[in-house]
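Reader: Hello! I would like a close look at one part of this model, with the cut-offs spelled out as you go.

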Amino acid sequence: MTDYSLWEVILNGNKVLKRTVRETDHEYEPTTTEEKQDRRNEMKARGTLLMALLNKDQLKFHSYKDAKLLMEAIEKRYGGNKESKKVQRTLLKQQYENFAGSNSEIMDQTFDRLQKLISQLEIQGKVITQEDMNLKLLRYLPSEWKTHALIWRNK
């Protein structure tokens, strides 16, 4: 992430556009350029955080309207303690070892699944070399690719 204005919103929260009317707060639409940029940054930060989640988990976090609260919820959910991280790392290693493609999915889908698994392993501190990843992918290509895979593996 290189957009520091988004990190500012995620870490420190955004300026809330509220007016107090008769002891109750009401949100209002941004009017100045700065307020509009703040609103855009908030929406962009929240969207970026939601895109980083697995598809099945996005609905669980969709109700958070604030990027800072969303980040705190994500850290709480995925941070865990040493024991839970160790269990998660073990499960990911097993998934990697037992990885297999299916004939019903196209090569891009198989590659995406493998890439996502490797990314999760890297987050947990397990480094997979590019060569290992390539061999794993070639090993589980559908049968019509076996001839090509054999040639690529030998290279």
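Reader: In which sense, left-handed or right-handed, does α5 pass α6 in their crossing? Please walk me through that helix and its surroundings too.

Author: Happy to. This is a predicted model, in which local features need pLDDT of at least 70 and side-chain atom pairs count only at pLDDT 80 or more, while totals for chains, interfaces and linings use all residues. Residues are numbered from 1 along each chain as its sequence is written, and side-chain values use heavy atoms, with hydrogens and water left out.

To your question: α5 passes α6 in a left-handed crossing. Left-handed says that the near helix is turned anticlockwise from the far one by less than a right angle, and right-handed that it is turned clockwise. Helices are DSSP runs of H or I with at least four residues, strands are runs of E with at least two, and both are numbered from the N terminus.

Helix α5 covers residues 82–97, and it packs with α6 at an angle of about 150°, the axes being 10 Å apart. Those axes are lines fitted to C-alpha atoms, for helices over the stretch in contact, and the angles run from 0 to 180 degrees between N-to-C directions. The two helices are therefore roughly antiparallel to each other; angles over 145 degrees count as roughly antiparallel, under 35 as roughly parallel, 65 to 115 as roughly perpendicular and the rest as oblique.

On the α5 side, R89, L92, K93, Q95 and Y96 meet L114, L117, I118, Q120 and L121 of α6, where contact means heavy atoms within 4.5 Å. By class, this contact has six nonpolar, two polar and two charged residues. Here Ala, Val, Leu, Ile, Met, Phe, Trp, Tyr, Cys and Pro count as nonpolar, Asp, Glu, Lys and Arg as charged, and the others, Gly among them, as polar.

Helix α6 (residues 107–123) also packs with α7 (residues 130–139), at an angle of about 145° and with axes 11 Å apart. This crossing is right-handed. T110, F111, L114, Q115 and I118 of α6 make the contact with M133, K136 and L137 of α7, a set of five nonpolar, two polar and one charged residues.

Buried means under 20% relative accessible area, exposed over 50%, and partly exposed in between, with a 1.4 Å probe and protein chains only. Leaving aside neighbours within four places in sequence, T110 is in contact with F99, G101, E105 and L137.

M107 also has its place in α6, but at 27% relative accessibility it counts as partly exposed. Not counting residues up to four places away in sequence, M107 touches L141 and W145. The C-alpha atoms of M107 and W145 are separated by 9.6 Å, although the residues are 38 apart along the chain.

Of its 155 residues, 27% count as buried. Among contacts with a separation of 6 or more, 42% come from residues 24 or more positions apart.
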